Amino acid sequence: MNTEYLEGLKGWFEDYYNTFDASDDDDRKNYVLKKEHTEEVYKNAVSIAMAEGFSAEETVLAGICGLLHDVGRFAQYSRYKTFKDSISVNHGLLGSEILLKYNTLMGLDKNVQDVVLFTVKYHNVFKVPDGLGKVEERFLRLVRDADKLDIWSVFLKQVEIPQKQRASAALLGLPESSQYNPEIITIIMDKQVVPLNRVITVNDYHLLRLSWIYDLHYKASFQLLFERQLIAHTLSILPQDNRILELRDFLNTYTAVMLK
Ligand SMILES: [Fe+2]
């Protein structure tokens, strides 16, 4: 496995992506959204691996996992016109099935193929399962960090553009409201990741993303989160009431500790 192999996979990804019919403007925006996300997650994965001292070969593997983690998103959208797994299909599982179907990982050692398939299949589980092998856990956590960091940015960008220009599936079909579910603040201050079933509005999803800090694994990921000011930006678009200001202080203290 080397950078040449990685370039070949990028070509495969491009060809696969081009099999989806993007003639409808809204469909195109949704496909582009996930393609751009893929590119950013790839970059995040490589950055985190390098900052964490992964070997050159491990960094290539991290890039491969990032590149392929959401390969199931395109078929998911094509079949169901949504990115909501709960009303369509588990896109991690679907992605791993696609890689097997097309024999995409051909030429890689079997154990390396297994790591990629594993990270693709499980990158979207609510919680990293206990008892994983060391290598599986290392790459799964890396891809989850890389993925979360970009989802953070994607959402912030999408809410800033006029509704008409947005990709329709980007905000998961959630209604926009000036309200939020206060129970979510309690969950975050309890240092728990917010389950998706507590989310009713776009604001709730902004709050949910803040709780992902408890599921970020690598210090390099915290550094990227901090450098990109993702927490401060997310908080700034929520109603500036006392609960949110209290939450801001709480999160500032938490991230300062994590960055030490
Ligand atoms: Fe993703």
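**Reading the model**

Mentor: Met258 is partly exposed, because 16 other C-beta atoms lie within 10 Å; a residue is buried at 20 or more such atoms, exposed at 12 or fewer, and partly exposed in between, with C-beta atoms placed from the backbone. The model is predicted, so local features need pLDDT of at least 70 and side-chain atom pairs count only at pLDDT 80 or more, while totals for chains, interfaces and linings use all residues. Residues are numbered from 1 along each chain as its sequence is written.

Trainee: In which helix does Met258 lie?

Mentor: Met258 belongs to helix α12, residues 242–259. Helices (H or I, at least four residues) are DSSP runs, numbered from the N terminus.

Trainee: How is a nonpolar core to be read, and which residues of the largest one touch the most other members?

Mentor: In soluble globular proteins, nonpolar side chains tend to be buried together. A nonpolar core is a set of buried Ala, Val, Leu, Ile, Met, Phe, Trp, Tyr and Cys residues joined through C-beta atoms within 7 Å. Here the largest has 46 residues, and Ala45, Ala62, Ile64, Cys65, Leu68, Phe139 and Leu142 touch the most other members. Among the elements giving two or more residues to this core are α2 (25–51), α3 (56–68) and α7 (134–160). The most come from α7, with eight residues. Both domain 1 (3–149) and domain 2 (174–259) supply at least three residues to this core; the domain bounds come from an automatic or database domain assignment.

Trainee: How does one describe the packing of α5 and α6?

Mentor: Two packed helices are described by the angle between their axes and the distance between the axes. The axes of α5 (residues 91–101) and α6 come within 6 Å and cross at roughly 150 degrees. Axes are lines fitted to C-alpha atoms, for helices over the stretch in contact, and angles run from 0 to 180 degrees between N-to-C directions. The two helices α5 and α6 are therefore roughly antiparallel, a term for angles over 145 degrees.

Trainee: How many residues of domain 1 are in contact with domain 2?

Mentor: Twelve residues of domain 1 are in contact with ten of domain 2, contact meaning that C-beta atoms, placed from the backbone, lie within 7 Å. On the side of domain 1 that touches domain 2, α7 gives the most, with six residues. The centres of domain 1 and domain 2, taken over C-alpha atoms, are 25 Å apart.

Technical notes:
Angles under 35 degrees count as roughly parallel, over 145 as roughly antiparallel, 65 to 115 as roughly perpendicular and the rest as oblique. Two residues are in contact if their C-beta atoms, placed from the backbone, lie within 7 Å.
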